[in-house]
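Visitor: I am new to this structure and would like a close look at a single part. Could you take me through the aromatic pairs?

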Amino acid sequence: MVLKEGQAPWAGIVTCADSRVPPEWVFDTSPGDLFVVRSAGNTAFDDAVASMEYAVSALGMKLIVVMGHSGCGAVSAAIEQDPLTPLLTQLVQPIRAAIPQGLQDLPQAIRRNAEAAADTMVSKSALLASAVAAGDLQISSAVFDIASSRVTFL
């Protein structure tokens, strides 16, 4: 498709804002292939869910991947009890909710956070839930390992 004529992404990616995790590079794609939403900690915040609703309903997208990554600072901040600014506290709230109390294993916490965010996409959106139930949409979670450049689907 010629980019000026519109977009037809084959996947939506909800991932961290970390500069070491560029989805287009990770998945070796061209402009227009991915519909990307980024924020620290790859949470399913309302605007991210709404953006994916748009991509599914208006663009016909069939796949959403919520992708965490190794060494995530937002997940690390959620585990640690250091004081955060009010906005950072708000940002890590859904991450803390996804991680069992007392869990200190960062890789496991990153996996749990990605899985919880994928589940939240469906629980927050009747449109996405309906598309999944109809078999028109798949929502997956994954973790990108920065050291090896490998994506592991969960």
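Guide: Let's begin with a term: a residue counts as buried when its relative accessible area is under 20%, as exposed when the value is over 50%, and as partly exposed in between. Keep in mind that this is a predicted model.

There are two aromatic pairs in the structure. One of them brings together tryptophan 25 and phenylalanine 144, with ring centres 6.3 Å apart; their planes stand at 90°, so this pair is edge-to-face. The two partners come from distant parts of the chain, 119 residues apart: tryptophan 25 sits in helix α1 (residues 23-26), and phenylalanine 144 belongs to strand β4 (residues 138-145). Tryptophan 25 counts as exposed because its relative accessibility is 53%. Phenylalanine 144, at 1% relative accessibility, counts as buried.

Now to the pair formed by phenylalanine 35 and tyrosine 54. Here the ring centres lie 6.1 Å apart and the planes meet at 40°, so the pair is tilted. Planes under 30 degrees apart would count as stacked, and those over 60 as edge-to-face. Phenylalanine 35 is part of strand β2 (residues 34-38), while tyrosine 54 is part of helix α2 (residues 46-59), so this pair ties together parts 19 residues apart in sequence. With 14% relative accessibility, phenylalanine 35 counts as buried. Tyrosine 54 has a relative accessible area of 41%, so tyrosine 54 is partly exposed.

Methods. Residues numbered from 1 in each chain as written. Predicted model: local features only at pLDDT ≥ 70, side-chain atom pairs only at ≥ 80, totals over all residues. Heavy atoms only, no water. Phe/Tyr/Trp six-rings, centres within 6.5 Å; stacked < 30°, edge-to-face > 60°. Helix = DSSP H or I, 4+ residues; strand = E, 2+ residues; numbered from the N terminus. Buried < 20%, exposed > 50% of the residue type's maximum accessible area, 1.4 Å probe, protein only.
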